[in-house]
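Work through the exercises below with the sequence and the model side by side. Try each task before reading its solution.

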Amino acid sequence: MNRYIRTVDIKENTNTSFTPNNGTLDTPQQQTLRDSVQSSLGHYFKQLDGQPTTDVYQMVLAEVEAPLFETVMAYTKDNQTKASELLGLNRGTLRKKLKQYGLL
């Protein structure tokens, strides 16, 4: 069975197909968020070279959440109600996260 993940390039409003079986995108310069995270984590663990580490989950969340909130707030022109709806969060949670990352 051939599964496809359809992504939309917001900037250019073009569609790109990703086939997990062969790991390629129709457009070579585009990469899914999932692939970017996987690649970055692989690079991170390679740089550790066997050194112990902890709290990787929290590190990844912080690295992903901060730019997510920055981008969404810019997209909604700092409208917290629109941003919370777009993200699927209640406004209180959004405000807490914005404060956590120094965005409020």
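## Exercise 1: one residue and its partners

Leaving aside neighbours within four places in sequence, find the residues in contact with Val72 (contact means heavy atoms within 4.5 Å).

Solution. Go to Val72 and skip its neighbours within four places in sequence. The partners are Ala83, Leu86 and Leu87.

Before going on, note the ground rules. This is a predicted model in which local features need pLDDT of at least 70 and side-chain atom pairs count only at pLDDT 80 or more, while totals for chains, interfaces and linings use all residues. Residues are numbered from 1 along each chain as its sequence is written, and side-chain values use heavy atoms, with hydrogens and water left out.

## Exercise 2: two helices

Describe how helix 2 and helix 3 pack. (Helices, H or I of at least four residues, and strands, E of at least two, are DSSP runs numbered from the N terminus.)

Solution. Start with the axes, which are lines fitted to C-alpha atoms, for helices over the stretch in contact; angles run from 0 to 180 degrees between N-to-C directions. The axes of helix 2 and helix 3 are 9 Å apart, at an angle of about 125 degrees. The two helices are therefore oblique to each other (under 35 degrees is roughly parallel, over 145 roughly antiparallel, 65 to 115 roughly perpendicular, the rest oblique). Now list the contact. Helix 2 brings Leu68, Phe69, Val72, Met73 and Tyr75, and helix 3 brings Gln80, Ala83, Leu86 and Leu87.

## Exercise 3: the core

Which residues form the largest nonpolar core? (Such a core is a set of buried Ala, Val, Leu, Ile, Met, Phe, Trp, Tyr and Cys residues joined through side-chain atoms within 4.5 Å; buried means under 20% relative accessible area, exposed over 50%, partly exposed in between, with a 1.4 Å probe and protein chains only.)

Solution. The core has 6 residues: Phe69, Val72, Met73, Ala83, Leu94 and Leu98. Next, sort them by element. Helix 2 (56-75) and helix 4 (91-100) each give two or more. Helix 2 has the largest share, with 3 residues.

## Exercise 4: a loop residue

Is Asp78 buried or exposed?

Solution. First place Asp78: the loop between helix 2 and helix 3. Then read its relative accessible area, 57%, so Asp78 is exposed. Last, check the backbone. Phi of Asp78 is positive, about 65 degrees, although Asp78 is not a glycine. Most residues other than glycine have a negative phi.
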